[in-house]
Each structure stands twice: as C-alpha cells, then as structure tokens.
Amino acid sequence: MCGIVGYTGPRDAGPVLLDGLRRLEYRGYDSAGIALVTESGDLFVEKRAGKVAVLQEALGGDPPRAGIGLGHTRWATHGRPSDLNAHPHSDCTGRITVVHNGIVENFRELRDELVERGHKLTSETDTEVVAHLVEDAYEGDLADAVRAALRRLEGAYALVVLHRDEPDRLVGARLNAPLIVGIGDGESLLASDPAAIVAYTKRVIFLADGDVADLRPGTAIVTDRNGTVLDRPVDIIPWSAEAAEKGGYPHFMLKEIHEQPEALTACMTGRLRGESVCLEELDPIRARLHAIERVELIACGTAYYASLVGAALFEDWLGVPARATVASEFRYSPPPVDARTLVVAVTQSGETADTIAAARLAGERGGLVIAVTNTVGSAITRESHASVFLQAGPEVAVAATKTFVTQVATLIMLAADVSRELGKRTLQEEAVLVDALRRLPKQAERAIELAESTPDVAARYADAAGFMYIGRAFGYPAALEGALKIKEISYLHAEGYAAGELKHGPISLLEPSCPLVAVATRSSVYEKLISNLMEGKARDARVLAIATEGDTQIERLATDVLWVPDAPEALATILAVIPLQLFAYHVAVARGRDVDQPRNLAKSVTVE
Ligand code: AGP
C-alpha cells in the first residue's frame, strides 16, 4: 500500500506534492518520489529510497517550479525498497510517468509481452508495465490511452498518470484501492486520502471502482474504462486542515489518544435520541434485520479486538449466536452464511483487503452486510448493504487509538439498535445504556487525566524484555489491544491472554523481566481476575493493574496501578484501553521508537 498525490493548477506543484506526501506517509514510507513538468516543458523526476525527508534532502531545497506533478510514498510489495523501484515510473520515451498504489496481478505476462515488443523495463515493480501500456496506447489523448491500458490490467490499483506533452492534464483511476479527486478554485488534485489535499480544497469526489478521472485545473470528468461519462457527486470534507495536523503534540498517536473524548462525542452525535439509540443508516435494511438468526463480525487487527466486544453484546442482547472472526481466516474458511446471517465488517480505513474480500464473500452468499468504518466512500461501503461511520475524524498514526474506542462505541450502538428493532431488550435497559453512553466522553477525559503518572510508570517498565497482558470478559479485548499497541510501537514482545488461560502455559514466561499487565476493572469477574493477578505476583513478576477508581484492594496487590472511572461492563473496554494506549506510547518514547511510523507497518493493509 502506498500514498499518491497529484496536482494541476496555478500553484507551484512541488511543495504541494511534498506536503501531501508527508501527510500520506502513514500509508507507507520506504521510498518516495515526485515527477513534475517544469516551466521549460521538461519532465523532472526525483525518487529515493527512504522517507519523504530523504527525498526532500535529495531535492536540495525546492524542486523546479512547475504547475503540474504527481508524487508517491511507497510500501513495497513487488520489488524491494530502492531508488530504482521507487515511484514514479516512466515509459521508454521518458514522456509518460505513473504512480500506483495496489498490485497489478498479471504484471509478469504484461511485462514479457512488452519486452518482446521491444520495451525497456528497468525496475522490479509491477507498476512500470502501466507506463509502457499507456505509451503503446497513446495517440494524443492521455485519458484514452490510460483507459486502454486499464482494460489490460488485473488486480488492484489507484493510479495517477502524467504526459509531458499535455502539461495541464492528470489522469487518475481506481480499482480496489482508494483515490479521491479534489476540485479547487482553478486547480485540481488527486490523492489516496483527503488529509493530503484538505489544505487546498474541501470539495472532493470519491471515485468508485472502475472510475477514470480526467483532470485539468479546476475541472474533472469521470468516466468508466470505456469512456462513458459518469455522474459522480462532489462531497464536502468536514475536516479542517488542522484536524490532520499534530495539534501541538509530539506525535499523532498522542494527539489522537487525547482526541478520544471528542471522537466519542462525534461518534454518538445524532445517534442517541431521548432514551434510545437510533442509527439512521439502518433504515433501508430494517425489514431484513427481522430474519437474523446469527451474527458474524469480520475484521483485522485492532478492529478485530473491537469486534470481540460487538460479538459478546450481539449474543447477549439479541440472544442469537454471534462471533468475531479474523477476516483473513473467514475468507478462506467461511462459516455458513445466508440471508439469516448478519455480517458486520469492521474496518477503520475501509480499505483492508482481507476484510473487503470477506465481506464480499458474505454478500455473495446472501448475508446482510453492514460496514462499520471511519472512511466515507471507502471500498467496504460498496460491499455492504448499509454503512455506519465512526465519525472519528482522520487517524494518522499507524497505531489505531481513537478508531478503536469509536469502533467499540459504534458496535455497542449497533447491537443496541438491532436488538431494540427485534424487540429483544426493554426500553428501560436501553435507557440505562444511553445514559452510560452519554457519560462516556467525559469519562474518557477523566481516564486521560487519571493517567497523568503514565510517563513515570512507563519509564519503570521500559527495560522489560516482554509483557503478559491479561483480562477477562470485556477486559479481555482491552488486554489484547493493549498488547498489540506495545508490540506495534515499542517492538517489545507482548502476549494478550484470557486471564484464566495464564496457568495453562504462558505463566512460565513470568519473571521480573516479563511484567504482568492486568485489566482489573470492576466487573462480575473481578475476583477471578485478582486470583490470576496473584498467580503472577507469586512468580516474581511486576504487576501493572488497570483498575477502577476507588478500588482500595488493588493498590496492596499490584506494583503499579493506572486508574479509570467506573462504567458499566459493556463500556469498560473503552475506558480500560486508554491507559494501556498511553502506557504503550510512553514505553515506546522511552525506548526511542518511531511512534507514528513503526517499522514494517503501514496504516491500512490494502493487499492480502
Ligand atoms: C492497529 O493499531 C493496526 N494498525 C492494525 O491492526 C489495524 O487495526 C488493522 O490493520 C485493520 O485496519 P482497518 O481497521 O483499517 O481495517
């Protein structure tokens, strides 16, 4: 997965592209490059292995002045990270240049065919074939040539193409990878994500799969791959440019942790009505909900841990079997799915390849698919009968934080709405839940305040060789998510375990260098959890507990405690995860890690 950006208009394109690439680095950052048509009409290309800062350095200040260009930040799939494999890629004539996010699955056949016809391909990438296919098809109209090339491609792509001889025109296309068009005042842009262009325009077109966008300054014509003009709506991005900035925090992750109270408020805005939860997005499918006999949640990573909470609630409130399955398992070993199955696909980006494939499969088998995503216009929304948005604003740090808590909150609201629709819960039960949800943003704020001591606590644990996280019931997904956070950003090994499993194996890992992190918030299984905590303590492990304010017992038992406010169990995961996020953040900072762009990771995994 990669980030791409393109610009045509009166501004100096180079700085616009570099700015966009910096905002897209969360999508990949093993190499970066730009191409510009300079004022003298030359095609200028600079590309380097490494982050955008390396490219900037190679440019030695400002790139040549230009009114059009495209840029790319890469996360390697085909071809190792290197200057040569960095995008943009050009054709034999050096006039056509391409940036690409995705995978051209039939690139080997295309490459052989092109070489046989005398083309010179120099990189190891799948992308380079696109430049040469456009070269072959070019007869004076770039959009026509791109459409012809696209008809030869299999796989996934978001592409931007530029021809030196049409120096105000950019052509973009998407299939199974994100791409948006921005229409400004006398200028047009293309990007993987609104964050890259929101500083220049808020008017965007979310391209659909198969769309080709033909851009000139201030205009965009969208067609299909055969050239039929399509009517695509222009949406207004509600985010300010500042929302995509760090807002004074040293890292996006810390900023996004602090944004959680606000994100929770936004997430619930318009959805808590009086004493009920109402998700308007479900209105078109309400009749179909009445046939539901089973619920399957599908997701990856953090979204999967959020889905565990959703599964527990659907099962409890709806009284039907419900489970969460990792999407990469679901897609190859699917359970029976038919019109009686509600399938909830949870994905922050809406572009995760496995989740999309699993949702598509479920839809093909007749399941009723609901997407829970943060990204309007993302691919998952096209695989679903209804989409419920997190409304959390952009999340830039690779490690998900505010999208985890808003995923959990959204799943709680979804389970509540569906169970009311099916007459499975009393109005009074719903009123109690709504009251608790209304208090949640303030409680999240309180959880952040209570975690003030986290930097000091983290400093004491930063020398650990690894961690064992445990939890029970709604504390278990929090433990899993806490362990994932520390793995992702501190590069320390961590296990997340159902606390009752500790003595069935992992307890042998416990020793002073492997502390136990116990989610020990107030719950129906609190005493059981305390027994597990004591098992760890007896093995000389240091114990960091996440506990409910006012718990006087825990201070005597744990080495350190991070406190959270009291909340009903269904909401406890959201509050318990906040100190765990901050703990992971401060351990990573103490260890000098690159918190926002941890090694080997990318924000959204758009390839399998
Ligand atoms: C979370 O910190 C990770 N970056 C990762 O596990 C992520 O949650 C996963 O890749 C799923 O992404 P999605 O929500 O965009 O589908």
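**Pockets, a sheet and a helix pair**

User: What's the volume of the largest pocket?

Analyst: About 580 Å³. A pocket here is an open set of points on a 1 Å grid over the protein atoms alone, with protein on both sides within 12 Å along at least five of seven lines. The volume is the space filled by probe spheres set on the points, and grid points are joined across faces, edges and corners.

User: Is this experimental or predicted?

Analyst: This is a predicted model: local features need pLDDT of at least 70, side-chain atom pairs count only at pLDDT 80 or more, and totals for chains, interfaces and linings use all residues. Numbering starts from 1 along each chain as its sequence is written, and side-chain values use heavy atoms, leaving out hydrogens and water.

User: OK, which residues are closest to the centre of that largest pocket?

Analyst: Cys300, Gly301, Thr302, Lys603 and Val605, out of 29 lining residues. Lining means having an atom within 4 Å of a point.

User: Which element gives the most to that lining?

Analyst: H9, with four residues. Helices (H or I, at least four residues) and strands (E, at least two) are DSSP runs, numbered from the N terminus.

User: And how do the lining residues divide?

Analyst: For the largest pocket, 13 nonpolar, twelve polar and four charged. Ala, Val, Leu, Ile, Met, Phe, Trp, Tyr, Cys and Pro count as nonpolar, Asp, Glu, Lys and Arg as charged, and the others, Gly among them, as polar.

User: What about the second largest pocket?

Analyst: That one holds about 380 Å³. It has 14 lining residues, with Glu105, Ala156, Asn176, Ala353 and Thr606 nearest its centre. H11 gives the most to this lining, with four residues.

User: Switching topic: what's the strand order in the open sheet of six strands?

Analyst: S5-S6-S7-S8-S12-S13, with antiparallel pairing. Two strands pair if DSSP finds at least two bridges between them. S8 (residues 170-175) and S12 (residues 212-216) are joined by four bridges, and Val171 stands opposite Asp214 in S12.

User: Which helix packs on the sheet?

Analyst: H5 (residues 142-150), touching S7, S8, S12 and S13. Contact means heavy atoms within 4.5 Å.

User: Last one: how do H1 and H2 pack?

Analyst: H1 (residues 13-24) and H2 (residues 52-59) pack at about 160°, with axes 10 Å apart. Axes are lines fitted to C-alpha atoms, for helices over the stretch in contact, and angles run from 0 to 180 degrees between N-to-C directions. H1 and H2 are therefore roughly antiparallel, a label for angles over 145 degrees.

Definitions and conventions
Parallel < 35°, antiparallel > 145°, perpendicular 65-115°, else oblique. 1 Å grid on protein atoms, 1.4 Å probe; cavity = no way out; pocket = protein on both sides within 12 Å on 5 of 7 lines; lining within 4 Å.
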